[in-house]
Amino acid sequence: MSAETAILLSLGVPVAGAILIALAGRISPNLREAATLVTAASLIACVWSLLPEIYAGGRPGVQVSEILPGIHIAFQVEPLGMMFAALASGLWLINSIYSIGYMRGNREQNQTRFYVMFAVSLTATIGIAFSANLFTLFLFYEMLTLSTYPLVAHKGDEKTIRSARVYLGILITASIGLFLPAIIWTYSVAGTGDFTPGGILQGHIEGPLVGLLLGLFVFGAAKAAVMPVHRWLPAAMVAPTPVSALLHAVAVVKAGVFTITKVIVYIFGIDFLFAEPSSGWLFYASAFTIIAASAVALRQQNLKRLLAYSTIAQLSYVVMAAAVLKPLAEVGAAIHMLAHAFGKITLFFAAGAIYTASKKTELSQLRGIGRRMPITMTAFTIGALSMIGVPPTAGFVSKWYILAGAFQADNYAALATIILSTALNAAYFLPIIYLAWFEKDNTPAGKEHGEAPFAAVLALVITAALTLGFFVFNAPAVELESQLVKPLMQGQP
Amino acid sequence: MTGIEAHLPVLQVVVPLLMAPLVILLQPRGLAWAATTATSLMAFLVAVQLTIVVLGGQELYYELGGWSAPYGIALNVDSFSALLLLILTGASTLALLAGKVSIDTQIEAPRQPLFYSAWLLVLAGLAGILVAADAFNIFVFMEISSLASYVLVAGGPDRRALPAVFKYLVMGTIGATFYLIGVGLVYMMTGTLNLLDMEARIHEVADLKPILVAAGFITVGLALKAAVFPLHMWLPGAYTYAPHAVTVFLAACATKVSLYVLLRFDFVVFQQNLVGHDIQFAAFLMPLAVLAILVGSAVAMFETNLKRLLAYSSVAQIGYILLGTSMVSVLGLTASLLHMFNHALAKGTLFLAVMCLALRVTDLNFSHLAGAARQMPWTFGALMLGGLSLIGIPGTAGFISKWYLISAALDEGLLGIALIAVIVIGSLMAVVYIWRIVETTWFKPAVDGNATLSEAPLPMLLVTWFCALANLWFGLAPSLPLRLSGTAAESLLQHLP
């Protein structure tokens, strides 16, 4: 299979899968679930088949059509996008296994619509990952927003719809109000919006305008949830947990930070931004988001909302790492997308498993739950440790690189932020772990429960294993992402 | 160019005009509809053929009866007229194809031939405006189309259409009279009615005051007909209470044809000869455009009748079109002409979907629409696509014109930033009002008998979806309208000094 075919297939497979799922849904739920799993597995085959070429330094691309003069729908695979696509497609399969357990365990309505829209969302995610220019990225970015709306509003009651309105309102407003003008601005000054190593804006724009344009991009890509455009993420927690797990811990939110990282590396160019003082605010905005979101997370009583605020903080880790504007920090940003994904999806899986088994959603209900659901809570503990950044988990690896990047730039504020936020992370995760394992069980009589359905438990065991495994086997990812900044790494210690 | 092709510009008008009286004779059921649709379809094919010729780089010039201008009647088709002819004949054909069932339920059988006859007169009149090369024939065709469209709007079963149409008639007549006064003044000073001839002869006029007055009259008169804010008062009522098929037809093209005349007159005759007129033009229309976008969208956000909501959205969209022209630049004009095409697609789709809905529900007020779409997923899908295009989501036609509009505004410096803000705010308001439709029709619990509705008939759905998919097609491959509007913008501006 040539690389071009693989790229197009990666986009086509989920769409075909969506149609297949819709048709199979009319016949039997088992067939429908089989269609989902087959689609997810085929997507992995397509996406991952691109890996060897990217490792070898290839940057395969394909241009689909020219919309307007100079504006194309085109795809090109580079290390960052490759990693994002590989991550999203890989976790989709695990998440599908989990969804089956969760959706059936909770007897959710409209399951066919759920699986169809999930497949469509994945198309959009892969499209974002592989896009070769800002225009294509924006196209799929909006598609992702719209296709996840039915998933967030899945329950369909008044409260859910209100939250879904916040979700859509913030994401659409920011993308049309800020992101789109930023894109058009870029095209009009640089004449192109292609992602080019080293950036395209140098010499076309200078002074405070650089900071302004960067601001339009960062707040326009509201999926990255940099404060104050973060409110949609807690609102999105009304969705069924598999949606929160894959989309609002991995695909959608990572699409935001992916966009920002990509814009910084390939549109501005990190050297250009580093030399431009007006871009300095981004670092502080993201550092503030990390601390503030962690502080808010401390006060949450609902498990999913706590995880949402933790996600907001972790996303800003990526943005902050990218904003440090040094090669090692960019690598750290990329690795953190991966590390956080493994840990956070495990945590969400655990939260969903708890809900499925016991309908518990609040922290206070979790006393002693470790003895009823030992596997789930072990996985939860691993995920939480990864969030804090304790070895031997994935979170440690990415923090290592971000810290190394901060030293490269002599940026001690970054150092202080990371230390403070690590303390805060520990302050809100450790009590839960303590509660779950060491407090006395307070489940009311008659509501006894054990583990969640097998499919759900299986999925969270896999992701917990990934979280641990990544601590040891991170070399392939680091090697891949080092290519992101390769020309810059030479000649630097 | 040989044979029939040379006569295409006149056929565009003459065929529907001649068919109009004949249709009255076709009393048997369905025959009038078939004849009208066939005529409209033929007009569309002629428009397509004209477009092909124009895209080949030719302008068609036709002298009626071989009498040469400025003495005879001349017709003129360039890419600007071709673009609008496509919109006009396309909208008419799609509305007729989809609207058969709807018209059957709204217009009683004995009156149907008269109704279709009026429809053809509107078609002929509007097509006449688009091909006419002189100011007086434009006036004649304008009157034909206006009078016939009053009949169409009042033709439905809703009695509230009558006061609405009376308002429409009074304001339309004032607009036409203003236009005629303006044309009279120009004629007084130049002795000609042919637009190109006027352009040449105004050079010889010593006293330009009457020309300036004429420019004022013509601009205001046509702005009235085009429902430019704040002269839009007739539009919401007329669109809301007209038979649904008529709304599809008129919403897609009627106001745009008046804008066409406004632009043609202004750029060809006035801009070149009146000193500083381009600045006056921009300074007069730009604030109105901005207000139209903001006020129209704001009213739409709080409107509770589906058709009235979309009508106010049209007021806002006319604002976008004007905003592009008021920049008086190639990019701005291109954006504006492109938006004429794209808005026709989006609004056409929306009103087609509304027609499907109206066939099943009792009333188009939001309180009666709750939960209706869940039983009509295909109608709802088309409604969504049209709405997304109206908002300007990438991948849809609406996005392309917004992109051009913002690019044009970027060339305007500091003022441009403010204009971009207006465009963006307008788009966000569109998100709000489109989303209100979605939430009401899809997510709200069903009321009345809305839980047991059936999907609209297949032919209607096919046409509606054809139009909805056209929004996607022209969002991903916009080269046809882009070339037409680009060429038209350049040819309009070449008259500038």
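Which residues have the most contacts inside the largest nonpolar core? In this predicted model, they are Ala88(A) and Ile87(B), and the core they sit in counts 403 residues. Helix 14 of chain A, running over residues 327-358, is the top contributor, giving 21 residues to this core.

Take Ala88(A) as a way in. Setting aside residues up to four places away in sequence, Ala88(A) touches Leu122(A), Thr125(A), Ile126(A) and Ala129(A), and also Val250(A) and Ala251(A).

Next comes the place where the two chains meet. Chain B brings 18 residues to the contact, and chain A brings 17 residues. On the side of chain B that touches chain A, helix 16 (397-410) and helix 17 (414-443) of chain B each supply at least two residues. Helix 17 of chain B gives the most to that side, with 7 residues. As for what that side of chain B is made of, its residues split into 14 nonpolar, 3 polar and 1 charged.

How far can chain A be trusted, going by the predictor's own confidence? The mean pLDDT of chain A is 88, with 98% of its residues at 70 or more.

Terms used
Residues are numbered from 1 along each chain as its sequence is written. Chains are lettered from A and ligands numbered from 1 in the order in which they are written. This is a predicted model: local features need pLDDT of at least 70, side-chain atom pairs count only at pLDDT 80 or more; totals for chains, interfaces and linings use all residues. A nonpolar core is a set of buried Ala, Val, Leu, Ile, Met, Phe, Trp, Tyr and Cys residues joined through C-beta atoms within 7 Å. A residue is buried if 20 or more other C-beta atoms lie within 10 Å of its own, exposed if 12 or fewer, and partly exposed in between; C-beta atoms are placed from the backbone. Helices (H or I, at least four residues) and strands (E, at least two) are DSSP runs, numbered from the N terminus. Two residues are in contact if their C-beta atoms, placed from the backbone, lie within 7 Å. pLDDT is the predictor's confidence in each residue, from 0 to 100. Ala, Val, Leu, Ile, Met, Phe, Trp, Tyr, Cys and Pro count as nonpolar, Asp, Glu, Lys and Arg as charged, and the others, Gly among them, as polar.
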